[in-house]
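User: I would like to learn how to read a few local features in a protein model. Can we go through some together?

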Amino acid sequence: MKLIKRLILLTIICAFLGVISIIGMYFYLKPELPSVEVLREVKLQTPMRIFTADGKLISQYGVKRRIPVSLDDVPETLVQALIATEDSRFYDHIGVDPIGVVRAFINLVVTGERGQGASTLTMQMARGFFLTREKKFSRKIRELFIALHMEQELSKEQILELYLNKVELGHRAFGFGAAAQVYYGKNLNELNLAQIATLAGLPQAPSTLNPISRPERSKERRRIVLLRMLDEGYITRQQFDEAAQAPVSAKKHGAELALDAPYLADLIYNEMVEIYGKEIAETSGFNVYATAPYAIQKAAQEAVIQNLHDYDERHGYRGPLAQLWPALPPLEVEPVSTETPPLANTESSQDALLEDSPLFNPDAWSEEKITAYLDSVEEIAPLVPAVVLAVQERSASVIIAEGERIELTWDGLDWARPYISDQAQGEDPELASDILQEGMLIYIRKRAQDDVWQLGQFPDASGALVALNPENGAVQAVVGGYSFYHSQFNRATQAKRQVGSNIKPFVYSAAIDNGYNIASIINDAPINQWDASSGVAWRPQNSPAIYDGPIRMRVALGMSKNVVSVRLLRGVGLDQTVDYLTRFGFDKDDIPRDETLSLGSGSHTPLEVVTGIATLANGGFAVRPYFIDRIENDLDEVIWQANPVHACEPCISDESIQENVELSEEDIEAQLAAEFNQFGDTKGDPTQEKRSAERVISAQTAFLVTEMMRSAVRANGNWNNKTYWLGTGWRARNLLQREDIGGKTGTTNDSKDTWFSGFAGNLVATSWVGFDDASRQLGRTSRNQNLINKNPEKFNWIGNAMIGVEDGAKGAQPAWIRFMQAVLEDKDEVIKQIPDGIVRVRIDRKTGKLTRRNDHTSMFEYFRAGTEPTTYVVDDELSLPIDEEKKKQPEIEEIF
C-alpha cells in the first residue's frame, strides 16, 4: 500500500514538474515564436497571370502553381476526405490532439522511433507556415505552441481554408485548386470521388504518392483514404467499391490557356519583372491585362504561321526528319501463275504466307515501338510528328504518338516537289512514292481552312507581325516568329532588318512638307552617280528595271519607283530628311547618312516601322506602342491603368492631367516606372481623361501620304483607255475588297528581307519575312502545276502556288492580308474625314496640271490648299506615255 501511495505521489510530482517544464519552455521559446497575427494577413504565393484585353488567359508565370479557393467553393467530399484521413477529431480538439499525442508517445516507447502520428491539421499548418519537416523535439514543441495560438486566433473554418490553399501537393502545385488543374485539368467541383480521394492522399508525401510519378503507390494511398471515409460514414460501400476500382486518370496539365500567345506574354512578363523584380512579379498574384484582344492576337498568329508554310511549301520539300527502318524495294512485276495455291488452314501457315508476301517488311517496327519513339519527338504546334506505315499510289498512311492512324490524301501531298535550293525546285510529284516511303519520320499538320491533314515541315524562313491601334498606340497583336518554344527571339520587337521600300512613305511625307505635292512630276529615269572617293559609280535601279520617264508622285509611290525616291531625297536634302524621319520614332543612329536611305538601307524593327505608319494613319500624331492595359492585384483591384496619349487635339482641358504628359516615355517600362515612383501603388482611374499626343506632321500631309498609299494596294486607271496601272500591293484590294486600306511593300537587295506595312479599318500592321541568317536570299519559285490546277485563275494571288521572285508582295504581304481578312470580316469600312485645308481639283494624268477635259486623260486629285496647280495643260501635252506602243528608253542621267 505504501508503494502504491509512493507511485501516485511520484506520478503527481512528475506531472507537476512536466507542466512546470512545459510552461517554462513555452516562456523560454515564446520570443522566438512567430506571431499568429501574421496568418490573418498571409499572402499566398500566387503566380502572375496574363490575359488578353477581353479576359482570355494567355500565360502564367511562377514556380508555384496556386489557384486560391474559398471554403464555400470546396466540395464537401474533399473536406470529409481530408478530415477522415489527416485529422478525424479536427472539430473537437484545441489544435493538439491528446489521443494522437498518446499514440505517438506509445509508438516511441515501443519502437524507439519518432513518428508523425500526432500532427493535426492545425499543427501541419503551423509547420507549413513557420517551420520545417525536420524530426526534432524542439521543432515539434514549437509546432505545438504555434498550433495552440492558431486555434485561439483563428476559427476552424479559417484554418481549414488556409490549409486547402497552402499545402504542397507535388508538381509545383500548392493548394487543392492548383492540384485539380495540374493532375486533372479541372476545377475542384468537377472532380469525381476517386480523383478527390487521390488528392486528399497527397499531403502525407506529395513527391512519392502523386498519381503521375507513382501511380501504383497513389492507388494504394487512395484506397486508404476511401477506407477512412467509409469508416467515418462519409461514403457508402458501393461508392467505395466504384472509386477504389477506378483507373488512375491523372496526367500533368499546364495552365488552361484560352490562347497560347508566348511572344506577347513574354513582352509583358519582362516589363513586370523590370518594374517589380522577379520574385514579386511571379508570386504576388498579379492579373495583367494586355492591350491585345483575343481574336486579333489569334488571327495574327495564324496568319504568320500559314504564310510561312505557304512560302516553305512553294520552295519544295526538304525530306523526312529520319528514316527509322529501311523501306522495301519497289515491287517487280512477275508473271501471274495459273496454279491455285493451297489454302492456309492454320494460324502458323497464315503467318508463313504473310512473311512470304512481297509486302512484308521484316525490319518494320511494331506499333508499340513506333508510338513510344514518337513520344520522344518534339511537337512544334501545329506540326505533329508521324511515321509513315504504308504508301499507296496517291496517298499514304501514317501513325501519330497517340496511336491514331491518319490518311494523307493527294491533296495534302501534291505540293511536295523536291527542294533543290532557295532558287530552284525539282519536278512536280506524280505519285506518293515520289515523296514518301515506309519508315519515314515526318511532320504532318491539319489545315485550318478545311481540316485536311497534309505533309508538313518546319519552315526555314522566319516571320513577324505587329498591329497597333493608331489612335493611341495600343498593341493589338504581336507575333515574333513561327514558334516561341523553338526560338524565343522576338523578331517583331528585336530584329533590326533593312526595311527596303517600306521607308518610302516617310520620304514622300518629307517631300510633301518641302514643296512637293501628289501630282508633282518626277523623272523616272536611271541614275548613274560617280563616287570619286571610292572610284565606283552608284546606279540605283527600279525593280523591275522599267523606267516610265516623267511620272506623278502618286504613281511613283504606288509602283515603288526607286529612282524617284532618290530624286525626292535630293530635293529635300539628306540632313533634312534624316531629321524628318526621327519624327516618326526612328532612332537617328539607325538612319543611314547617304542617299541609300531613300531605298530603305536603314535597319529597323517591325514595331518601329508600324509605329511610324500609325503616325500617318492617325493624322500626324506621335503615339507610342504599349502592351499593358491594366494591372490588378490578387483581390482583382486595379492598381495601375494605362493612360496613353491619343491622336487628338485637344483631347482634354484638365490642366493637372496635362502636366502629366511629361510622364509619357517611349516605352511602357519607363511609363510604368514613372507612375509607380511618383504615385506609388495607387489605383489607376479607368475614367481618366485623354492626353493629347504630340503632333509631328500636319493632318494635311498625313492625309496626302495615306492617299498615295491607297493607290499602292489597288489597280488604278482604266485598262481600255490604257491608263491602267497596278500598285505593288494590288493583292490587298483584290482579296479584301475594301476601300479603307492602304499600304506599302518593301523588298531589299536580293530579296533578303520582305515587308508589308499598311492600314485597314482602325488598325495598322507591319509584316516581315526573311531568314534569321541575314545573308540568305528568299529566292524564287517556278510553277508547280499540281497547285496551280487547284486555282488556275488566281493561283498567284496568295498561297503556296505563287511563282517568281520573292518580294514584299509575295513574301510578307500575304500574312498581312490573311490577318486583315480575319479581323475585319463583317466590320464596316472606316471612312476617314478629309481634314480642313485640303482641296480637290481635276488634273491631267500625264502632266499633273489643271485640265478642262473630263475624259480618260483627266482625274481628280487632292492638294493642300494653296499648293494645287495653277496652269492648265495644253493640247500637245495631252498624250499619255502609256498610249505609246513603243516607249523610248530614257537616256541615263549621269552625275559626276
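**Reading a serine, a sheet and an asparagine**

Analyst: Start with Ser218: leaving out residues up to four places away in sequence, Ser218 is in contact with Thr198, Leu209, Asn210 and Pro211. Keep in mind that this is a predicted model.

User: Which helix holds Ser218?

Analyst: Ser218 belongs to helix H10, residues 215-231.

User: Is Ser218 buried or exposed?

Analyst: Read the relative accessibility against the cut-off: buried means under 20%. Ser218 has 3% relative accessibility, so Ser218 counts as buried.

User: What does the side chain of Ser218 reach?

Analyst: The backbone oxygen of Leu209, at 3.4 Å. Look also at Thr208, 10 residues from Ser218 along the chain. The C-alpha atoms of Ser218 and Thr208 are 8.0 Å apart.

User: Now a sheet. In what order do the strands of the open sheet run?

Analyst: The general idea: strands of a sheet pair through backbone hydrogen bonds, either parallel or antiparallel. Here 5 strands make an open sheet, ordered E13-E12-E30-E29-E28, with antiparallel pairing. Strand E13 (475-479) and strand E28 (741-747) are at the edges. Each has a single partner strand, so one side of each has no neighbour in the sheet. On average, neighbouring strands of this sheet are turned by 10 degrees against each other, direction ignored.

User: Over how many bridges do E28 and E29 pair?

Analyst: E28 pairs with strand E29 (residues 753-760) over 7 bridges, in the antiparallel sense. For a residue-level view, find Ile741, which stands opposite Ala760 in E29.

User: Which strands does helix H24 touch?

Analyst: Helix H24 (residues 699-711) packs on the sheet and touches E28 and E29. The direction of H24 makes about 75 degrees with that of E28. Helix H27 (residues 808-824) lies across strand E12 (462-468), E13, E28, E29 and strand E30 (763-770). H27 runs at about 30 degrees to E29.

User: Last, a loop residue. Where is Asn633?

Analyst: Asn633 sits in the loop between strand E21 (628-632) and strand E22 (638-641).

User: Why does Asn633 count as buried?

Analyst: Apply the cut-off again: buried means under 20%. Asn633 counts as buried because its relative accessibility is 14%.

User: Which residues does Asn633 touch, not counting residues up to four places away in sequence?

Analyst: Gly285, Phe286, Asn287 and Ile639. Then check the polar side: a polar atom of the Asn633 side chain lies 2.9 Å from the backbone nitrogen of Leu635.

Methods. Residues are numbered from 1 along each chain as its sequence is written. This is a predicted model: local features need pLDDT of at least 70, side-chain atom pairs count only at pLDDT 80 or more; totals for chains, interfaces and linings use all residues. Side-chain values use heavy atoms; hydrogens and water are left out. Helices (H or I, at least four residues) and strands (E, at least two) are DSSP runs, numbered from the N terminus. Buried means under 20% relative accessible area, exposed over 50%, partly exposed in between (1.4 Å probe, protein chains only). A polar contact is a pair of N or O atoms within 3.5 Å; within protein, one must be able to donate a hydrogen and the other to accept it, and residues adjacent in sequence count only if both atoms are side-chain atoms. Contact means heavy atoms within 4.5 Å. Two strands pair if DSSP finds at least two bridges between them. Axes are lines fitted to C-alpha atoms, for helices over the stretch in contact, and angles run from 0 to 180 degrees between N-to-C directions.
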